[in-house]
Amino acid sequence: MLSILNLFRIGIGPSSSHTVGPMRIARRFVVGLAEARKLDEVRRIAIELQGSLALTGVGHGSVDACVLGLMGWQPEAVDPDAVAALLASAGSGHIRLLRRHPIAFARARDITLACDIVPELHPNGMRLRAYGEGDKEIADETWYSTGGGFIASARQLSAPSADDLVTSPVRTAHPYSSGAELLALCESHGLDIAALVLANESAWQAEAETLAGIDRLVDAMLACIERGLAHDGILPGGLQVRRRAPELWRKLIASPTNETEVLLDRLNLFAMAVNEENAAGGRVVTAPTNGAAGIIPAVLRQYCHEGPQAREQARRFLLTAGGIGLLYKQRASISGAEMGCQGEVGVACSMAAAGLAAVWGGTPQQVAAAAEIGMEHNLGLTCDPVGGLVQIPCIERNAIGAVKAVNAARLALHSHEVPKVSLDQVIETMRQTGIDMSSKYKETSLGGLAVNVAAC
């Protein structure tokens, strides 16, 4: 079991697996050197990005993330507005490891893109080596960015427990590893999914700390939307993609249309605002990834933002969505490099549908049905970003995913029959589909839109 406060992470764009993960890995590597009292011996660091990290690493900011990680910055702590200056300081022929130990450094020489290497354990591989005087090797480690900002060493991925956050068994009040177990626990204890997940969180922190952590996530999501609605301009990367959310927001305020169209417009622009911020390298919450970061905040902003019960509704929404997200993390993957976009936008849609169904008063069975519907109609969704950038089709895809999540919740609440397809069955189908999917469509930019749309 994992804490939902580890599933949702505050970080920076544009990618949880290609930006947040590599930054954490690079920092983990140099922290390990410091803990082993070897940092002062280091004269050179070499990083090799492998697989998907190499193929789309430039557009996803992986190289810059490695530089920031070597300097000791963490995704949740670094100021997005200061990143350009920090990177510039590392472009002068040297870098300060953990912001204290200077070494010679040139990114073109010391960070390489090994596009020809496809790691066996996970498509997002990183090999990090440290050298001392006379190029004597001090350390050689291989790590993997496993999606959603999670990282794991080669040893961890080869062992039964692959998550880097789990260093010892954690005993939760109501452990579950399947949707069927989750529903059975809800029924036997008379709890809804949000209450059960909240009880499980006590294994990591007190209830007040859990709720405070959820509140911080909610505030970060809403702040991201507000920033996205306020900033016009062209997104970085060379595709010349224009931010559209601010203009849509101004039009919506100036000329409201009928209720149905307003709902669609609001969901669309809230989701796009987040993913435009993400594409610009701004502060976002992985939900459960950066590429799919707009769906859950958009639904949250639309349905849990106003009124005296807004805070309680937002907590119920995220607790429920997180409880469903843990199933995908445990039973399949939330990595686009493993599952395609069904593992990112599909999972986010499923989580948002479940959370909204809970806010609308759905039973645990209806919540699970909403999650199943949300995923069922994202099965096979490919990840083929144009130019290796988290822009096309990612930004619009989040808007579509937010609308689809609301519709999935509505369909589930209108039905009182036992679904023909269970949540466990659709998660397993997603996993099998991801395994069968060609690597061209799994965050490599080697197929689909990435090769049929000019990236200039």
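**Helix H13 and what lies around it**

Mentor: Happy to. Let us begin with the buried residues of H13, which are Ile295, Ile296, Pro297, Ala298, Val299, Leu300 and Arg301. This is a predicted model, so please read what follows as a description of that model. Helix H13 spans residues 295–303, and with 7 of its 9 residues buried it is mostly covered. To count as buried here, a residue must have under 20% relative accessible area.

What does the covering of the buried residues of H13 include? Among the elements that cover them are helix H10 (207–230), helix H11 (245–254) and helix H12 (259–279). The covering also includes helix H14 (310–331), helix H16 (345–359) and helix H18 (394–414).

Start with H10 and H14. Aspartate 219 and arginine 311 meet through their side chains in a salt bridge, at 3.2 Å from N to O. Aspartate 219 sits in helix H10 and arginine 311 in helix H14, so this pair ties together parts that are 92 residues apart in sequence. Aspartate 219 counts as partly exposed because its relative accessibility is 39%. Arginine 311, at 35% relative accessibility, counts as partly exposed too. The pair also belongs to a network of salt bridges that links Asp215, Asp219, Arg311, Glu312 and Arg315. As a general point, side chains of opposite charge can pair when their charged atoms come close.

Now move to H11. Glutamate 247 forms a salt bridge with lysine 251, where the closest N and O atoms are 3.3 Å apart. Both residues belong to helix H11, and because they are 4 residues apart, about one helical turn separates them. The general rule behind this is that an α-helix has 3.6 residues a turn, so residues three or four places apart point the same way. Glutamate 247 has another partner as well: its side chain meets that of arginine 242 in a salt bridge, at 2.7 Å from N to O. How exposed are these residues? Glutamate 247 is partly exposed, with a relative accessible area of 28%, and arginine 242 is partly exposed at 42%. Lysine 251 counts as exposed, because its relative accessibility is 52%.

Proline 393 lies in the loop between helix H17 (364–376) and H18. A cis peptide bond joins isoleucine 392 to proline 393, with omega at about 5 degrees.

Let us step back to the domains. The domain assignment gives domain 1 as 11–158 and domain 2 as 179–441. Their C-alpha centres lie 29 Å apart. Where the two touch, 24 residues of domain 1 are in contact with 21 residues of domain 2. The area buried between them is about 1500 Å², and carbon and sulfur atoms give 52% of it. Across this interface the rule finds 0 salt bridges, whereas it finds 10 residue pairs in polar contact. On the side of domain 1 that touches domain 2, strand S1 (9–12), helix H2 (16–35) and strand S7 (137–147) each supply at least two residues. The residues of that side divide into 9 nonpolar, 13 polar and 2 charged.

Proline 14 lies in the loop between S1 and H2, and a cis peptide bond joins glycine 13 to proline 14, with omega at about 10 degrees.

Past H2, look for arginine 37, which is placed in the loop between H2 and strand S2 (44–51). Arginine 37 has a positive phi of about 60 degrees although it is not a glycine. With 76% relative accessibility, arginine 37 counts as exposed. Arginine 99 also has a positive phi, of about 65 degrees, although it is not a glycine. Its place is in the loop between strand S3 (94–97) and strand S4 (101–104). Arginine 99 counts as partly exposed, because its relative accessibility is 42%.

Terms used
Residues numbered from 1 in each chain as written. Predicted model: local features only at pLDDT ≥ 70, side-chain atom pairs only at ≥ 80, totals over all residues. Heavy atoms only, no water. Domains from an automatic or database assignment. Contact = heavy atoms within 4.5 Å. Buried area = accessible area lost by both parts, 1.4 Å probe. Salt bridge = Lys/Arg side-chain N within 4 Å of Asp/Glu carboxyl O. Polar contact = N/O pair within 3.5 Å; in protein donor to acceptor, adjacent residues only side chain to side chain. Nonpolar A, V, L, I, M, F, W, Y, C, P; charged D, E, K, R; others polar. Buried < 20%, exposed > 50% of the residue type's maximum accessible area, 1.4 Å probe, protein only.
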